[in-house]
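This briefing is meant to be read with the sequence and the 3D view side by side. Please find each named residue in the view before moving on to the next point.

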Amino acid sequence: MAHKLAFVLSSALAIQSVFAQQPGKIPEKHPKLTTHKCTKARGCTAQKSSLVIDWNNHQLQQKDGSSCAVGSAACLDDATCNKNCVVQGVDYLKAGVRTSGDSVTLNQYTPNGNGGYNHASPRVYLLDKKGDKYESVKLTGQELVFDVDVSTLPCGMNGALYLSEMDMSGGKSKTNPGAAYGSGYCDAQCPKLSWFNGTVNTGSLGACCNEMDIWEANGRATGYTPHPCSVESIGGCTGADCEFNGVCDKWGCGFNPYAMGRQQYYGYNNSFTINTSKKFTVLTQFITDDGTTSGTLIDVRRTYMQDGKVIANANATSASGREGLTSITDEYCDAASTEGKRLGGLATMGGALERGMVLIFSIWNSDGDFMNWMDSGNSGPCNATEGDPKLILANQPDTHVTWSNVRWGDIGSTLPKAGPGPVKPTSPKPKPPHN
């Protein structure tokens with residue numbers, strides 16, 4: 001979303017935003033994660049892979065152990081950083097990342113050992129089997145499904161699972177470890193960070209790339225949003241290109257049930273269609289015009305499953321008053337976001353999904369806007385201040401999100417109970433308002 005940029009920039013100031021060209025003495029031990037690839041013919045096959053945390057979370061040092069900040073004499077450019085700096089491995093538990101089999105849990109805060117908490121807010125990327133490149137997830141004409149538990153995510157928190165068209169090597173070179181150390185982040189907000197795809201960002205470039213927000217949510221509100229960009233791969237923006245009406249559709253055309261008139265669809269108890277106090281399954285299908293993986297993306301559909309029951313996406317109403325909306329199409333996006341249409345809409349998004357994107361898991365909150373854009377006002381039931389990170393830390397320091405059983409492949413192959421083809425279950429009848 002648009003407000004993600006403010007978070008990224010504030011994080012860059014809060015965390016020493018540097019990167020070293022060579023690994024240090026502390027090894028990088030990636031937490032293991034089992035995912036599944038599925039076909040109609042063979043079903044789902046487990047693949048052993050791993051996760052890597054973003055390079056901002058790594059400790060950067062000169063070889064004598066002192067600081068190595070970008071802009072200092074030790075790290076003025078790639079050459080000086082490569083000569084003077086090393087990157088140390090991460091203690092993933094202290095960084096708020098836990099995996100077990102096919103599940104990954106991210107914690108916003110971790111104990112500091114002195115009775116307080118560290119602000120972890122991890123963002124991790126799925127690596128390939130070898131662990132030196134990112135897994136290239138291709139979803140045009142395909143589907144992706146996962147189980148998720150958001151029961152401890154209060155107002156103001158965002159547990160996000162999304163895709164960005166990052167360089168699969170993370171900018172890897174002879175002098176840069178790249179993806180193995182979480183390098184090369186980019187998204188549709190075009191963040192300007194100290195490093196750009198593995199090199200020192202001396203040109204103050206914004207790291208732009210196509211972004212598909214499959215899941216942004218807490219226990220009170222949720223949405224999914226395509227963010228197409230005019231660039232087809234890693235692209236650096238400057239000036240007006242980095243702003244709104246630039247090279248990326250920063251706001252996107254999201255589908256948020258609450259914002260679209262279905263306030264009883266998603267919430268903390270059994271009065272809601274989706275009960276977020278317990279785990280549920282999320283299925284997203286990327287439908288093409290010809291039903292193939294090389295066709296043009298025309299529809300992004302959402303279906304849920306909970307307690308063994310398939311649940312249709314909310315039957316919602318657009319801001320323009322159009323009723324009966326259950327998915328994201330170009331017709332819907334053209335009415336919701338003129339920027340998306342200018343940048344090619346779902347066809348552009350589908351092109352990125354066909355080329356391959358990086359699967360990302362993150363948890364975060366925002367001092368700047370308290371996540372109001374996602375869960376307050378017209379977007380959700382939270383009031384304007386309860387998403388304040390200070391309140392979250394004081395009242396729920398153990399806030400976390402867990403994803404499990406992540407799988408992707410042919411449409412109809414990942415969630416057999418939902419049927420063999422594009423899912424079109426009957427929409428549930430709206431429930432009466434909860435008092």
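In this predicted model, D307 is an exposed residue, because its relative accessible area is 57% and the cut-off for exposed is over 50%. D307 takes part in a salt bridge with K278, in which the closest N and O atoms are 2.8 Å apart.

**The protein as a whole**

- The protein has 435 residues, and 58% of them are buried.
- Its secondary structure consists of seven helices and 26 strands.
- Of the contacts between residues at least 6 apart in sequence, 72% join residues that are at least 24 apart.
- The protein exposes about 17200 Å² of surface, and carbon and sulfur atoms supply 51% of that area.

**Salt bridges**

- The count of salt bridges comes to eight, and three of them are described here, beginning with the pair already named.
- K278 and D307 have their closest N and O atoms 2.8 Å apart, and the pair links distant parts of the chain, since K278 lies in the loop between β20 (274-275) and β21 (280-288) while D307 lies in the loop between β22 (297-306) and β23 (309-312), 29 residues apart.
- K278 has a relative accessible area of 30% and is therefore partly exposed, whereas D307, at 57%, is exposed.
- A second salt bridge joins E135 to K37, with 3.0 Å between the closest N and O atoms; E135 is in the loop between β10 (123-127) and β11 (142-149) and K37 is in strand β2 (residues 32-39), so this pair ties together parts that are 98 residues apart in sequence.
- E135 is buried because its relative accessible area, 7%, is under 20%, while K37, at 34%, counts as partly exposed.

**Helix α5**

- Helix α5, which runs over residues 345-355, is mostly covered, with eight of its 11 residues buried.
- The buried residues of α5 are G345, L346, T348, M349, G350, G351, A352 and L353.
- After α5 comes G356, whose phi is positive, near 120 degrees.

**Cavities**

- How many cavities of 30 Å³ or more does the structure hold? There are two.
- The largest cavity has a volume of about 50 Å³, and its lining is formed by P226, P228, D249, C253, C333, G340, G345 and L346.
- Two residues of that lining, G345 and L346, are also among the buried residues of helix α5.
- By class, the lining of the largest cavity divides into five nonpolar residues, two polar and one charged.
- The second largest cavity has a volume of about 40 Å³, and the residues that line it are R220, A221, T222, N256, P257, Y258, R262, Q263 and Y266.
- Of the residues lining the second largest cavity, four are nonpolar, three are polar and two are charged.

**The second largest pocket**

- About 510 Å³ of space lies in the second largest pocket, which is lined by 26 residues.
- Nearest the centre of this pocket lie W251, G254, N256, A259 and Y332, and one of these, N256, also belongs to the lining of the second largest cavity.
- Three elements, β17 (222-227), α3 (330-336) and α6 (372-375), each supply at least two residues of the pocket lining.
- The lining of the second largest pocket contains 14 nonpolar, nine polar and three charged residues.

**A loop residue, S204**

- Where does S204 lie? Its place is in the loop between β14 (199-200) and β15 (206-208).
- S204 has a relative accessibility of 42%, so it counts as partly exposed.
- If its neighbours within four places in sequence are left aside, S204 is in contact with K192 and C237.
- S204 and T238 are 34 residues apart along the chain, and their C-alpha atoms are separated by 7.5 Å.

Notes:
Residues numbered from 1 in each chain as written. Predicted model: local features only at pLDDT ≥ 70, side-chain atom pairs only at ≥ 80, totals over all residues. Heavy atoms only, no water. 1 Å grid on protein atoms, 1.4 Å probe; cavity = no way out; pocket = protein on both sides within 12 Å on 5 of 7 lines; lining within 4 Å. Points joined across faces, edges and corners; volume = space filled by probe spheres on them. Helix = DSSP H or I, 4+ residues; strand = E, 2+ residues; numbered from the N terminus. Nonpolar A, V, L, I, M, F, W, Y, C, P; charged D, E, K, R; others polar. Salt bridge = Lys/Arg side-chain N within 4 Å of Asp/Glu carboxyl O. Buried < 20%, exposed > 50% of the residue type's maximum accessible area, 1.4 Å probe, protein only. Contact = heavy atoms within 4.5 Å. Areas by Shrake-Rupley, 256 points an atom, 1.4 Å probe, with all protein chains shown as cover.
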